[in-house]
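Q: Hi! Could you walk me through this one while I have it open?
A: Happy to, go ahead and ask.

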Amino acid sequence: MLRSLLFLLAIPALHAAPVPLFDGKTLNGWEGNKEVWRVEDGVITGGSMAGNPKNEFLVSEKTYKNFVLRLEYKLAGTEGFVNGGVQLHSQRIDNPPNEMIGYQADIGAKFTGFLYDESRRKKVMAAADEKAVAAIEKPGDWNTYEIRAENDRVRLTVNGTQTIDYTEKDPKIPLNGKLGLQIHSDCK
């Protein structure tokens, strides 16, 4: 189960006030399976402790290019592949219709702080130091994540410690897209 709070700050306006992407009450501005994604106690909650038969994504209605996304997450579960993530520069795909394609700032299952390429290259693009992340991440508790996307560069920070600094070398990879929250299948 993934729980999160979201705030976005556009890079061209770094000195501007953050723009909340979540009002604390509704999923306005987001689309996804309402049986999987909901608001509980003022936070976005995805999945269930009974398990998730497939990956599920809650996706922003708007598209973003350069930004700093700050959120808090709490990943609950003890069985299976307990994992989630935050999509960036991503799009929904048709087959299967519940999936996305694009970068994912990974969370959980020893992949926190990694940058994965969901449904496209299907591999880790930049790996964090697992021991360093294990020393800073608080499993089952609230953690902070900062995702900074600036043109072809993506930087991830977990609990104040930068985990990766990745520059995309393929000019065909889109540098804008939807944001999304993912809850992985096969976890309880």
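Q: How many bridges join strand β8 to strand β15, and which way do they run?
A: Strand β8 (residues 83–92) and strand β15 (residues 177–183) are joined by 5 bridges and run antiparallel. Strands here are DSSP E runs of at least two residues, and helices are H or I runs of at least four, numbered from the N terminus. Before we go on, this is a predicted model: local features need pLDDT of at least 70, side-chain atom pairs count only at pLDDT 80 or more, and totals for chains, interfaces and linings use all residues. Residues are numbered from 1 along each chain as its sequence is written, and side-chain values use heavy atoms, with hydrogens and water left out.

Q: Which residue stands opposite V86?
A: That's L181, in β15.

Q: And what's the strand order of the open sheet?
A: Its 7 strands go β3-β6-β15-β8-β9-β10-β11, with antiparallel pairing; two strands pair if DSSP finds at least two bridges between them. The edges are β3 (30–31) and β11 (123–126), each pairing on one side only.

Q: Let's look at L58. Where is it, and is it buried or exposed?
A: L58 is in strand β6 (residues 56–64). It is buried, because its relative accessible area is 0%; buried means under 20%, exposed over 50% and partly exposed in between, using a 1.4 Å probe and protein chains only.

Q: What does L58 touch?
A: Leaving out residues up to four places away in sequence, its contacts (heavy atoms within 4.5 Å) include L27, W30, W37, I44, L179 and L181.

Q: Switching to the largest nonpolar core: which members touch the most others?
A: L88, L115, Y145 and I147, out of 38 residues. Such a core is a set of buried Ala, Val, Leu, Ile, Met, Phe, Trp, Tyr and Cys residues joined through side-chain atoms within 4.5 Å. Strand β7 (residues 67–75) provides the largest share of this core, 5 residues.

Q: Who does I147 contact?
A: Beyond its neighbours within four places in sequence, I147 is in contact with F67, V68, L69, L71, V86, L88, A105, R155 and L156.

Q: Last one: how much of the protein chain is buried, and how many helices and strands does it have?
A: Of its 188 residues, 47% count as buried. The chain has 1 helix and 15 strands.
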